[in-house]
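Visitor: I would like to learn how to read a few features of a protein model. Please take them one at a time.

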Amino acid sequence: MTILGKATLEGTRRYRERHKKHCAPTYFRETDELIASSIGIGSLVGEPDEQTNALVVKAIVESVRRGVNLIDSSISYRYQQGERSVGEGIQRLLESGETSRDELIICTKGGILPYPEKNRANLFYEQYVKQSNYNINMSDLVETRYCIHPEYLRDQINQSLTNLGLQTIDVYYIHNPERQLTDITPNIFYDRLRDAFKVMEDAINAGQIAAYGLATWEGFRIPPTSQKHLDLARIKSIAQEVARNKEDRFRFIQFPLNMAMLEALLVPTQNIEGEKVPLLEATYRLGITPIASYSLYQAQVIGQIPEIITSAFGNNLWTDCQCALQYTRSAPGLLTALVGMKAIKHIEENLSLTAFPTFEREKFQRLTDSIVQVLKSTGNNTI
């Protein structure tokens with residue numbers, strides 16, 4: 001059965017009101033249209049098997065019970081099993097009456113083939129190139145893994161809606177679009193992106209998605225001279241061009257941000273009206289909402305954060321994961337820091353942060369300065 005509706009300001013406010021007695025005042029953040037938890041749950045981690053599916057379903061349910069109302073997935077996660085597990089978790093929550101659809105912000109992604117590596121190119125050919133009902137060629141496939149052809153994205157949106165069991169996806173990302181730039185020139189890439197955005201706007205008009213964006217790896221964090229660099233201002237202008245009355249729904253971007261990957265904070269990779277600024281500053285100026293992925297650096301922070309850094313967090317945080325997540329979600333302007341969780345003990349550990357305020361800007365800056373000094377002293381990209 002399809003779950004009707006979408007996240008709304010009224011619904012997400014209701015969720016906050018129900019949970020705020022257990023949460024610090026800075027735990028929830030507002031956009032113009034939604035209120036989101038500053039910690040979101042991802043669904044990437046694990047194998048594509050029934051055991052992992054069951055764990056992810058339980059993790060979704062438990063996280064929403066404990067104050068998480070932003071859930072992130074992708075059709076490529078565990079070969080569609082990530083989305084299906086998210087959908088089952090949402091269904092259980094609604095059936096139990098613990099939450100309602102308009103309280104939850106459901107995000108997913110398309111543009112990466114959701115097949116195992118060994119036969120994904122063949123499956124793509126059989127399903128999309130060989131079939132006469134698609135006008136897709138093998139040249140639309142990059143690195144045997146990435147495709148943002150309009151017809152392919154339409155199909156992926158429909159499949160994600162089926163996997164999730166939803167009428168409407170709240171945020172739909174084009175997944176790692178910068179990988180297209182390994183095969184094509186920037187001008188061709190931005191033309192392809194324009195066509196992809198037309199699909200997004202059509203899906204909005206059809207009620208299939210409520211907003212869209214780009215979920216990236218390196219594209220926004222690397223300098224303009226790099227092959228895979230993405231120009232956020234240019235991308236926003238393309239969205240405005242294809243939208244009705246220039247009122248586009250390109251509202252979100254996702255990118256890695258953590259103690260070892262500070263580019264979005266510090267490196268001026270974006271040009272806004274002739275001024276070079278870091279990514280987070282660019283999102284603020286362009287009215288785009290940033291969401292952090294890789295918040296715990298895939299748990300590589302465990303045992304690697306020196307005492308000179310952890311001591312600055314105080315006595316309330318007792319694990320490296322808590323310190324890392326507290327740091328990322330305190331970044332100025334950030335809506336949500338995503339963390340993959342499927343074990344209840346990790347949910348308890350990470351969501352204990354709901355009771356703690358995020359750092360004020362001055363303390364966050366001092367911590368950032370200290371982290372930079374540690375990174376420089378090690379000569380590595382990690383703490």
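Visitor: Is Cys107 buried or exposed?

Guide: Note that this is a predicted model. Buried means under 20% relative accessible area. Cys107 has a relative accessible area of 2%, so Cys107 is buried. Cys147 is buried too, with a value of 0%.

Visitor: How many disulfides are there?

Guide: A disulfide is a covalent bond that joins the sulfur atoms of two cysteines. The count here is 0 disulfides.

Visitor: Let us turn to helices. Which residues of helix 1 are buried?

Guide: Helix 1 covers residues 9–19, and its buried residues are Gly11, Thr12, Tyr15, Arg16 and His19. Viewed down the axis of helix 1, these buried residues fall within an arc of 140°, so they line one face of the helix.

Visitor: What do the buried residues of helix 1 pack against?

Guide: They pack against strand 1 (28–30), strand 2 (35–37), helix 2 (50–65) and strand 5 (105–110).

Visitor: Which residues are buried in helix 4?

Guide: In helix 4, residues 120–129, the buried ones are Arg120, Phe124, Tyr128 and Val129. Their arc around the axis is only 105°, so they sit on the same side of helix 4.

Visitor: And what do the buried residues of helix 4 pack against?

Guide: Their packing partner is helix 5, residues 150–164.

Key: Residues numbered from 1 in each chain as written. Predicted model: local features only at pLDDT ≥ 70, side-chain atom pairs only at ≥ 80, totals over all residues. Heavy atoms only, no water. Buried < 20%, exposed > 50% of the residue type's maximum accessible area, 1.4 Å probe, protein only. Helix = DSSP H or I, 4+ residues; strand = E, 2+ residues; numbered from the N terminus. Arc of directions from axis to C-beta. Contact = heavy atoms within 4.5 Å. Disulfide = S-S within 2.5 Å.
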